[in-house]
Amino acid sequence: MTTGTLDRTAAAVEVHDVHKWYGAHRVLNGIDLTVRPGEVTVILGPSGSGKSTLLRVVNHLEKPEVGYVSLDGEPIGVRRNGDRLKELSERAILAQRSRIGFVFQNFNLFPHLTVLDNVAAAPVATGRLSRPEADALARDLLARVGLADKAAAYPRQLSGGQQQRVAIARALALRPGVILFDEPTSALDPELVGEVLAVIKDLATSGTTLLIVTHEIGFAREVADRVVFMDGGRIVEQGPPSEVLDHPRHERTRDFLSKVL
Amino acid sequence: MSESPAAVSLVTAPPTDTPSRPVSAQRVQPLRRPGRWIATAVVLVLAAQFVHGLVTNPFYQWDRFGYWFLRPTILDGLLITLEVTAWSAVLGLLGGIVFALARLSGSPVLRAVSWTYVWALRSVPLIVVLLFLYNFSALYQTLSIGVPFGPAFVRFDESRLATDMAIAVVGLSLHESAYAAEVVRGGILSVDQGQHEAAAALGLPKGYQFRRIVFPQALRSITPNYVNQLINLIKSSSLVFYVSLLDLFGTAQSMGSTYPGDIVPLLLVVTVWYLILTSVVSVIQFYVERYYARGATRTLPPTPLQRLRAGLTDVRDRIRREAAV
């Protein structure tokens, strides 16, 4: 990309011993994970294994009861107070979230705003850019995801694949250090999956830190620097795709892969 | 034509529009609906009878209706009705938003207070609320802002503050805000949870999330419900007559006691004015709803003019089709 406005520095993500309960059910059971800047991590696992929850803990949409996540060493949603962790104010958490992009399974575009406004809203609302600057950035980003001609459309006038590409542009507009993808292609018709994966692949090669929850094993093999396999709220194993996908060490991983491949 | 009565052949093509077979031979006859025609005729006769009675019955005294309809005293009353309604509609909606947000807040105290307010104000008849406020100055002679049981910082002389107009607006607004709170709450709840999450994930400031993301989407379902309330409010404003404010209804009522022979035409004047007000609100509602439908539907619903044009085109096409057959 030629525009300097799109530059962003990739961030490191560290998950420190995170535990999360829904009522009496423990969804995350002591997760430790280190993601280096620019690394592409794909999280695999059966449904209910806690992979989506882990992703939502990273940008503090879900609050862990124990443990914390840090972005470039800075704890998210909490601050250290001696040997304790104290919850941050809502305003502080919102400010931190704007450094973390999130792409939802169901896109969650704002249906009452045009595509351009969907992308340009956050930089303006958070006071980073003026309206004309944000509009220019939004047009650049829409061009990058191949939707320059859809700026004036409303989200419901687009196909699912187009909507998800707008959602990716919206996440990029804040120049996040890391982007989280929560099953970005699961709600799409099969023939639309490719166009979304192509955009994500483009991001992966441009050196952005990505955490991707997906069921697309082939895609994981292609773009992932590291594959993390989760089950029952724990990380069962992790490593480069050539190891985890081709020579899994654990029975549970082999079992899962044999079902999805 | 070599038609054989034998079984339908699957090999030969089905009959088509060849010159030898006129189109009319294959024309589908629409189902006859005699019941519908009879019902329509009955309703038309009844409607004609009603209009006939309305026009010719001397009971209505249309000449007196004409005399009163634009009398300055009636128009003054109409102005009071509009003023009371407009203030109460705006204050009621603002109050409703506050109570709806309190009801949806994380604080159990705010939730309980909001619930109790709605419960109480919906339970007490509006006329009772108004009469309470009317006698308020007798109950509390001064209003003061300060610490409960402690010193007061500011004092108001209540009798100066409480004009008839203020009492009417406060009473109607209190009543209205209780209903508006539920309308607004319903609207906010109708917005998909994913919208809240997306706004939070983008780190949008809390106020922005509500003003620009959640509330505009909630307005789509708030609008029809609130307009319903508003039309109710226009009519309820006639109760301010009981706190000695001469609105449209109050004026007609007092003129009626001065000119007892004109009560029926005066009531007709009031009826027609309320019909006009309600119609204006309904037209505004249509365009407000159309505005907030942006993005929710792929194409906006047609305006009445567009619909009329489409209807005419439709009729024209049908006539041409008939002519072709």
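Which residue is the bridge partner of Ser70(A) in β5(A)? The legends below get to that pair first.

This is a predicted model, where local features need pLDDT of at least 70, side-chain atom pairs count only at pLDDT 80 or more, and totals for chains, interfaces and linings use all residues. Residues are numbered from 1 along each chain as its sequence is written, chains are lettered from A and ligands numbered from 1 in the order in which they are written, and side-chain values use heavy atoms, with hydrogens and water left out.

**View 1. The four-strand sheet of chain A runs β2-β1-β4-β5.**
It's an open sheet, and the pairing is antiparallel. Strands here are DSSP runs of E with at least two residues, helices are runs of H or I with at least four, and both are numbered from the N terminus; two strands pair if DSSP finds at least two bridges between them. At the edges sit β2 (25–35) and β5 (74–75) of chain A, each pairing on one side only. Look at β4 (residues 66–71) of chain A: two bridges join this strand to β5(A), and Ser70(A) has Pro75(A) as its bridge partner there. Helix α1 (residues 51–58) of chain A packs on the sheet and touches β1 (13–22), β2 and β4 of chain A. Contact means heavy atoms within 4.5 Å. The helix direction makes about 60° with that of β2(A), with axes taken as lines fitted to C-alpha atoms (for helices, over the stretch in contact) and angles running from 0 to 180 degrees between N-to-C directions.

**View 2. Zooming in on β1(A) and its two partners.**
With β2(A), strand β1(A) pairs antiparallel over eight bridges, and Glu14(A) stands opposite Thr34(A). The two strands make a hairpin with two residues between them, and Gly23(A) in the turn has a positive phi of about 65°. With β4(A), the pairing is again antiparallel, over five bridges; here Val15(A) stands opposite Val69(A).

**View 3. A salt bridge links Glu62(A) and Lys20(A).**
Their closest N and O atoms are 3.9 Å apart; the rule is a side-chain nitrogen of Lys or Arg within 4 Å of a carboxyl oxygen of Asp or Glu. Glu62(A) is in the loop between α1 and β4 of chain A and Lys20(A) is in strand β1, so the pair ties together parts that are 42 residues apart in sequence.

**View 4. Six strands of chain A line up as β8-β9-β10-β3-β11-β12.**
This open sheet has mixed pairing. The edges are β8 and β12 (234–239) of chain A, each with a single partner strand, so one side of each has no neighbour in the sheet. Four bridges join β8(A) to β9 (residues 178–182) of chain A, and these two run parallel; Ile100(A) has Val178(A) as its bridge partner. Helix α5 (residues 160–172) of chain A packs on the sheet, touching β8 and β9, and its direction makes about 170° with that of β8(A).

**View 5. Chain A meets chain B.**
Here 26 residues of chain A are in contact with 23 residues of chain B. The buried area is about 2,100 Å², with carbon and sulfur atoms giving 59%; that's the accessible area (1.4 Å probe) that two parts lose on being put together, summed over both. Two salt bridges are counted between the chains. Glu90(A) forms a salt bridge with Lys206(B), the closest N and O atoms being 3.1 Å apart.
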